[in-house]
Amino acid sequence: VRDGSDDIAVGLVREIGRNVGKLIASLYAIFFPDKVVLTGGTATAGFELLQACRTRFDELSGVFMQQVHHAAPDQFEILKIEIGEMKESTGVVGSVVELFQEDRRFS
């Protein structure tokens, strides 16, 4: 997929990107994040995933996001969607992160 030579794989990655963009659009109006970082094994697809995700997000929420930003530019940034640096390592890191946190259940 990285070199774009497999049309079927590229199509699947674009479809995944569109679905992720739809999910981000659904959650944007609730959380108003400044940035969403895509990670995991699928994120290694890079540009194709990111482009499809951004396009679908903009189709569904672009006008709303622009209006929110223009209404309060000091409070709401234009959403950035990026590929995370850890890519496929996030599952491993996420599974052990609690081992390094203090147990607060009994505090």
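Mentor: Two strands count as paired if DSSP finds at least two bridges between them, and strands themselves are DSSP runs of E with at least two residues, just as helices are runs of H or I with at least four, numbered from the N terminus. The model is predicted, so local features need pLDDT of at least 70 and side-chain atom pairs pLDDT 80 or more, while totals for chains, interfaces and linings use all residues. Residues are numbered from 1 along each chain as its sequence is written, and side-chain values use heavy atoms, leaving out hydrogens and water.

Trainee: Why is the contact between R14 and E48 called a salt bridge?

Mentor: The side chains of R14 and E48 meet at 2.7 Å, N to O, and the term asks for a side-chain nitrogen of Lys or Arg within 4 Å of a carboxyl oxygen of Asp or Glu, so the pair qualifies. Because R14 lies in helix α1 and E48 in helix α2, the pair ties together parts that are 34 residues apart in sequence. The structure holds five salt bridges.

Trainee: How do you know whether E48 is buried or exposed?

Mentor: E48 has 16% relative accessibility and therefore counts as buried, the class for values under 20%, with exposed meaning over 50% and partly exposed lying in between (1.4 Å probe, protein chains only).

Trainee: Which salt bridge does R54 form, and how is R54 classed?

Mentor: R54 forms a salt bridge with D58, the closest N and O atoms being 3.1 Å apart, and both residues lie in helix α2, four residues apart, about one turn of the helix. R54 counts as partly exposed at 22%, as does D58 at 34%.

Trainee: What separates R56 and E59 along helix α2?

Mentor: R56 and E59 are three residues apart, which means about one helical turn, and their side chains meet in a salt bridge of 2.9 Å, N to O. R56, at 26%, is partly exposed, whereas E59, at 54%, is exposed.
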